[in-house]
Amino acid sequence: MIVHSKFVTIPHTCVEYVHPWTNSCAAASTGLLLAAIPEALRIYITAYTLALLMRGKIPSKKDIKRTILGILQSSAFLTCHAFGYSMVNCLLRRILGHYNFLTVSFLPCFISSIFAILVERPSRRSLLSLYVTNVASETLYRMAVYRGLIRPIQFGEVLIFSLSTSFLLYFFRNQQSDSFRDSIFSLFRFVVGRHEEMNDDKSESSPVPGSSQIRNLNFFDPVFHFADWLKLQTLNPCCPHPFGCAYYAAQGLTKLFAVGYGLQLSLKILIHSKRIMKHPRLLPKIMIRPDTMKLGAFLGGFSFLFRAVSCSLRKLYGRDDQKFAIPAGFLAGFSFFFYRDNTIALYVMWKTFQILYNRGAEKKMLPELPQASVFFHCLSTAILFHAALLEPHNLRPSYWRFLLGMSGERVARMDRKCLDAFGLESSKSLELVLSRTKIETRPVL
């Protein structure tokens, strides 16, 4: 029977819906806790270790101690989330005596998220909030498309990325305000070069003709001679870089392509290491595959287009202006065609909104919202858990796999048949997702 109003109650108990494998709410919550601990540790040991290695220096005892404490605290945050969700869900059912559209998942998750996020370090709350808001916004978009409320736009992620980066690069060109000091600008500094910051000067490294003569690599002498010649061509006094514009743009292309190609090739070698060891001939094929070059093409193309368009505008108008970053960033964003990814596009979009809000709050144009990161984290996580129970086919597959891992596959064992009363065909949605991910639910111990 279909309930026409989503706020009409359903009489099912938490035993029938939340934990049909056990009659005990305490046992169900404890089982989730035990399943979440090793998975949370695995996730954060990997994340914190990579962050430590990427610093590029031997860690001190203080660094190691801080890393271990960070792993334990972040793992406790994630574990509290899993344990708290089940516990609050059962508790609300006992208090209210029924379930409705909001209490089946949204409200229990929102409440448990409040307690869980407070366990995490304050310095990480904003990052976590940005991540889940990213995933939740994509989920809401999928829901709207599924309901026919909006129509998908072809290459919409490229348009979002281009528009967002045009604003971010405009801010990057002048970071005098504290609200513009964000970690994403360090990434832009690496991709487009520090010379694009308005406060930079040309004091570092001026072109040295004939510098290739001091090299002892005779085979590459023609290349070095050409590079030296290119450095002195199309010099523009309005540009902030010390070399010719053609060399400046080409340098960004080659350097960033090499970085992107190297990263993606290393990742593919790591993933396929066992196959490569058995069949060494696979390595050359992997090296020349088009998908191995996608990240390099995106990064190199982005740097080249931004630098080339910026230099062209400076030459055309005879001056330098941070507003030139808007068209340059927009056109550079089209290199995203080589490496289209919804996660990246939405991250950049939400980061733009965050910086715009911070700027507005700094100028007293917008009200300051205390604990805004906590609220958006709780709201976004509640949306994701609500979708995971009622319409999992609209959830990002990677997040669904994350929930499966954290719950020991219990999220797939929760009985959706009683939720079919809300008219969303939740049980069929679950079957579809399980068939797509090729997962067969095992008995819960």
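How far is the sulfur of C238 from the closest cysteine sulfur? The closest one belongs to C239 and lies 6.9 Å away, which is too far for a bond, since a disulfide is taken here as a pair of cysteine sulfur atoms within 2.5 Å. By this rule the count comes to 0 disulfides. C238 is partly exposed, with a relative accessible area of 22%, and C80 is likewise partly exposed, at 35%; the term covers what falls between buried (under 20% relative accessible area) and exposed (over 50%), computed with a 1.4 Å probe on protein chains only.

The model is a predicted one, in which local features need pLDDT of at least 70 and side-chain atom pairs count only at pLDDT 80 or more, while totals for chains, interfaces and linings use all residues. Residues are numbered from 1 along each chain as its sequence is written, and side-chain values use heavy atoms, with hydrogens and water left out.

The mean pLDDT of the chain, pLDDT being the predictor's confidence in each residue from 0 to 100, is 85, and 86% of the residues reach 70 or more. Over residues 203-215, however, pLDDT stays under 50, although the model has 23 contacts beyond four places in sequence for this stretch, a contact meaning heavy atoms within 4.5 Å. Where pLDDT is low, the predicted coordinates should not be read in detail.

An unreviewed UniProt entry places the feature "transmembrane region" at residues 32-54, 66-87, 99-119, 152-172, 292-310 and 330-350; such annotations may be inferred rather than shown by experiment. Of these spans, residues 99-119 are 57% helix and 0% strand, with end C-alpha atoms 28 Å apart, whereas residues 152-172 are 81% helix and 0% strand, with end C-alpha atoms 31 Å apart. Helices here are DSSP runs of H or I with at least four residues, and strands are runs of E with at least two, numbered from the N terminus.

Beyond its neighbours within four places in sequence, L419 is in contact with I10, Y17, V104, L389, L390 and S426.

S303, in helix α12 (residues 294-317), is buried, with a relative accessible area of 0%. Leaving aside neighbours within four places in sequence, S303 is in contact with V191, V192, G252 and L256.
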